[in-house]
Structures are given as C-alpha cells and as structure tokens.
Amino acid sequence: MSTKRRTNIKNKLAMHRIIFAFLTLEQHLHALVTTPRSYRPDRCPHCGFGCLWGYGFYDRKADRGADGDLNPVAVPRFQCPSCRRTCSRLPLCICPRRWYGWALQQQVLQRLIAGASLRRAAAIFALGYHTVQRWWRWLQAAHENFSFHLRSRFALLGRSVGFTAIWLAVCSKCRYAAMAWLDRDGLAVP
Ligand SMILES: [Zn+2]
C-alpha cells in the first residue's frame with residue numbers, strides 16, 4: 001500500500017513545473033528579480049517534501065525575436081533538502097520542449113482549426129512548413145487525452161463536441177493556461 005501511495009504522489013507531482021503566470025519573457029525576467037518566490041514549488045515533485053531551496057538557474061534559449069537579445073533566459077531551479085533532487089519551474093511563456101512560446105503556437109493552431117491549410121498558416125506566421133505540420137499532428141494525436149482532462153476541469157468545455165469545437169473553446173476560454181493545467185495533471189506537454 002505504501003508503495004502505491006508513493007507512486008501516486010510521484011505521478012501526480014512529476015510534471016508540475018509550469019507556473020500559472022508570466023505570459024511574456026519580459027514579465028518572467030522582471031519576476032525573477034522582484035518576486036522570485038512566485039516560482040517556488042509548494043512541494044518537491046519527486047518525494048512531496050514541503051520546503052524547497054533555491055538552487056540557482058539554468059539557461060534556456062527562449063527569445064525567438066529577430067535579435068534574440070533576451071537569450072539566454074534564466075529558469076529557476078530548486079533543490080529538495082530531503083531527497084536532494086532538483087526541479088525547475090517555467091513561466092507560461094516558455095514551453096518545456098519547444099522553443100516557440102504558447103502564444104504563437106496557439107495563434108497558428110487556431111488558424112488551422114478554423115480551416116487554414118498548413119502552407120497558409122506557415123506563410124502567415126513566417127514559420128517552416130514542417131514546424132507547423134508537427135504542431136498540427138501533435139494536437140490531433142493528443143486531442144482525445146488532452147480534451148478529456150480539460151473537459152473534466154473546465155465545465156464550460158463540456159458542451160463543445162468534436163475536435164474543432166473543443167479546441168476553439170480551449171483557445172478562447174482556457175488560453176495559455178490549458179497547457180499548465182495539463183502539466184499539473186501529469187500529462188507531458190511539448
Ligand atoms: Zn524531494
């Protein structure tokens with residue numbers, strides 16, 4: 001029984017790394033200086049211990065602007081005094097595994113959901129065709145699992161039926177926080 005309980009804690013906390021704040025890199029960098037506590041996790045994502053220490057930062061490429069002059073962007077890390085493992089916390093404007101932010105991804109996906117072709121969407125946002133195609137295939141593959149979790153969390157989505165209706169509703173009602181909620185539910189988001 002105790003093994004099962006430990007597993008449940010781990011599953012529940014392991015992906016909890018996106019905080020529900022800071023939609024721009026500028027806000028993130030400002031918060032690192034002015035309100036660093038907003039990044040501190042309540043508990044260790046590995047063992048559940050309740051008091052983590054600041055453990056420096058790691059650098060991420062996150063600024064896709066023409067100059068990219070905000071790179072490298074610091075991401076705060078924390079260490080657990082109990083199990084000694086570390087974790088990091090991302091603002092909403094930085095994706096765990098993609099260089100492009102959610103704001104742009106959502107705009108691209110909204111066009112595709114509304115019926116634009118991959119080529120058209122890529123041209124509008126000056127992105128590579130294969131990048132847009134990858135995002136689109138990802139959303140279609142993740143649809144069933146993600147929409148199940150989002151619908152159980154956001155009652156407003158319950159009335160939406162089908163891929164198009166659900167994701168247009170997610171884009172307009174949940175916005176960027178959708179991925180943070182999925183991360184909190186233990187799902188791997190890109
Ligand atoms: Zn720990």
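Visitor: Leaving aside its neighbours within four places in sequence, which residues is Ser-38 in contact with?
Guide: This is a predicted model, in which local features need pLDDT of at least 70 and side-chain atom pairs count only at pLDDT 80 or more, while totals for chains, interfaces and linings use all residues. Residues are numbered from 1 along each chain as its sequence is written, and side-chain values use heavy atoms, with hydrogens and water left out. Ser-38 lies in the loop between helix H2 (25-34) and strand S1 (53-60); helices (H or I, at least four residues) and strands (E, at least two) are DSSP runs, numbered from the N terminus. With contact taken as heavy atoms within 4.5 Å, and neighbours within four places in sequence left aside, the partners of Ser-38 are Ile-19 and Phe-22.

Visitor: Which backbone oxygen does the side chain of Ser-38 reach?
Guide: Ser-38 has 34% relative accessibility and therefore counts as partly exposed (buried is under 20% relative accessible area, exposed over 50%, partly exposed in between, with a 1.4 Å probe and protein chains only). At 2.5 Å, its side chain reaches the backbone oxygen of Thr-35.

Visitor: Is Phe-22 buried or exposed?
Guide: Phe-22 is found in the loop between helix H1 (2-13) and H2, and its phi is positive, near 75 degrees, although the residue is not glycine. Its relative accessible area is 18%, so Phe-22 is buried.

Visitor: What is omega at the cis peptide bond that joins Asn-71 and Pro-72?
Guide: Pro-72 has its place in the loop between S1 and strand S2 (73-79). For the cis bond from Asn-71 to Pro-72, omega is about -10 degrees.

Visitor: At what angle do the axes of helix H3 and helix H5 cross?
Guide: Axes are lines fitted to C-alpha atoms, for helices over the stretch in contact, and angles run from 0 to 180 degrees between N-to-C directions. The axes of H3 (residues 102-113) and H5 (residues 129-153) come within 10 Å and cross at roughly 75 degrees.

Visitor: How far apart are the axes of H5 and H6?
Guide: Among the residues in this contact are His-143 and Phe-146 of H5 and Phe-163 and Trp-167 of H6. By class, the contact has eight nonpolar, three polar and one charged residues. The helices pack at an angle of about 75 degrees, and the distance between their axes is 11 Å.

Visitor: Which helices do the buried residues of H6 pack against?
Guide: In H6 (residues 162-174), the buried residues are Ile-166, Trp-167, Ala-169, Val-170, Cys-171 and Cys-174. They pack against H3, H5 and helix H7 (177-184).

How values were computed:
The expected span of a helix is 1.5 Å times one less than its number of residues. Ala, Val, Leu, Ile, Met, Phe, Trp, Tyr, Cys and Pro count as nonpolar, Asp, Glu, Lys and Arg as charged, and the others, Gly among them, as polar. A polar contact is a pair of N or O atoms within 3.5 Å; within protein, one must be able to donate a hydrogen and the other to accept it, and residues adjacent in sequence count only if both atoms are side-chain atoms.
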